[in-house]
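Subject: Structure for your files

Hello,

Here is the structure we spoke about, with the sequence. My notes follow below it.

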Amino acid sequence: MSVLNSDASHTTSSAHWGGVFAMTLCIFVLIASEFLPVSLLTPLAKELQVSEGLAGQGIAISGAFAVLTSLTISRLAGDLNRKYLLLGLTFLMAVSGVIIALASSYWAYMAGRSLIGITIGGFWSMSAATAIRLVPQHQVPRALAIFNGGNALATVVAAPLGSYLGATVGWRGAFLCLVPLAVAAFIWQCVSLPTMEASKAQKSGGSLLRLLRRAVVATGLLACGVFFMGQFTLFTYVRPFLETVTRVDASGLSFILLAMGIAGFIGTLTVTILLNRRFYLTLIMIPSLMAIIGGALLLTGQQIWIVAVLLSLWGLLATAAPTGWWTWLARTLPEDAEAGGGLMVAVIQLSIALGSTAGGLVFDSLGWQSAFGLSGVLLLFAGAMTFLASRQHGRG
């Protein structure tokens with residue numbers, strides 16, 4: 001994540017907790033908007049008259065624009081007050097929801113997804129820096145934990161709520177329901193965020209290259225990226241799998257997606273214990289177990305209760321994994337966490353785009369078994385790269 005390293009950020013004497021919670025609401029809407037297509041893929045594709053694989057590219061395009069934004073927003077924003085930049089991104093998020101809800105064609109839908117990608121890249125790139133501006137230095141971890149709470153809550157409710165809303169008010173209505181929340185976040189930020197002048201110091205592109213020259217950083221980021229590729233090669237196409245292979249009805253679909261979300265929330269709350277005890281072993285086991293789950297789904301895809309249990313375990317592991325990788329960043333780059341965070345934002349979003357794209361192509365051309373198999377291979381490779389990073393750790 002890019003950072004706004006002004007001296008004032010380290011000497012903040014008062015905390016703006018209203019701003020922290022306003023940002024948390026915005027993050028909740030942002031994550032819900034990012035992954036809502038997962039639970040609405042089938043009806044969305046049918047109405048826009050495209051394949052489910054093409055509809056899934058809506059996640060890919062948002063990821064691609066998030067990558068471009070995360071790498072360029074600080075330079076493009078220049079001296080713009082960061083409060084106004086955050087407000088502009090929040091407004092863009094609301095506009096995106098309206099465009100998607102009213103989309104008359106596939107390309108209009110993709111345009112709306114591009115706008116949400118810009119918001120994703122901008123917000124995540126500045127989230128840590130904003131926390132530093134809003135609270136005293138010793139309370140920054142607490143502020144970041146609250147931000148992540150919005151992320152975790154959205155992860156729990158986005159898919160099942162999207163499925164429920166899709167069945168009751170349609171996929172367009174589901175997207176439209178997020179617009180009032182985005183407007184509320186905009187108003188709350190207007191009144192609660194302090195002025196945040198841009199830092200005079202600018203990060204040079206060379207600093208990112210310098211970090212990548214360290215073997216453990218390059219290997220770790222590769223492992224992180226391949227993990228997210230493997231995850232979204234499968235996860236993006238969970239709904240078509242459940243409907244066409246497991247043959248669940250609307251209520252069964254909502255139940256399974258809710259179970260995945262709840263399990264993921266539990267995973268987020270408990271993974272820290274494992275990370276503190278066996279850090280790298282935990283990072284290695286998460287993708288390895290997810291690969292096993294993907295293989296088990298190939299064998300038991302038609303048995304609804306087994307599938308429900310397996311996907312719940314998948315949700316527990318997948319949602320907990322980002323906490324592990326951000327902890328890896330803090331341990332590996334304690335003095336360059338912000339620059340490394342900017343790289344990680346780009347890597348994660350690019351990997352989501354690549355994973356959903358590859359999954360869609362394979363899903364459409366070779367079938368769901370091949371898509372799930374590809375996911376397993378990528379996840380096993382991620383585990384191997386994480387093991388290699390653990391061997392490099394301490395040697396630079």
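How many contacts beyond four places in sequence does the model have for residues 200–206, where pLDDT stays under 50? The model has four such contacts for residues 200–206. This is a predicted model, and residues 1–12 likewise keep a pLDDT under 50. For residues 1–12 the model has 37 contacts beyond four places in sequence. Over the chain, the mean pLDDT is 83, with 89% of residues at 70 or more.

On cavities: searching the whole structure gives one cavity of 30 Å³ or more. The largest cavity holds about 70 Å³ of space. Its lining consists of 13 residues, and S33, M93, G97, I116 and L178 are those nearest the centre. By type, the lining has nine nonpolar residues, three polar and one charged. At least two lining residues come from each of α1 (17–48), α3 (82–101), α4 (106–134) and α7 (178–192). Of the elements, α3 gives the largest share of the lining, five residues.

On packing: the largest nonpolar core contains 120 residues. The largest share of this core comes from α1, with 18 residues. Within the core, L242, L297, W314 and W328 have the most contacts. Leaving aside residues up to four places away in sequence, W314 touches G230, Q231, L234, F235, M260, M290, I293, S375 and L379.

Regards

Notes:
Residues numbered from 1 in each chain as written. Predicted model: local features only at pLDDT ≥ 70, side-chain atom pairs only at ≥ 80, totals over all residues. Heavy atoms only, no water. 1 Å grid on protein atoms, 1.4 Å probe; cavity = no way out; pocket = protein on both sides within 12 Å on 5 of 7 lines; lining within 4 Å. Points joined across faces, edges and corners; volume = space filled by probe spheres on them. Helix = DSSP H or I, 4+ residues; strand = E, 2+ residues; numbered from the N terminus. Nonpolar A, V, L, I, M, F, W, Y, C, P; charged D, E, K, R; others polar. Core = buried A, V, L, I, M, F, W, Y, C linked by side-chain atoms within 4.5 Å. Buried < 20%, exposed > 50% of the residue type's maximum accessible area, 1.4 Å probe, protein only. Contact = heavy atoms within 4.5 Å. pLDDT = per-residue confidence, 0-100.
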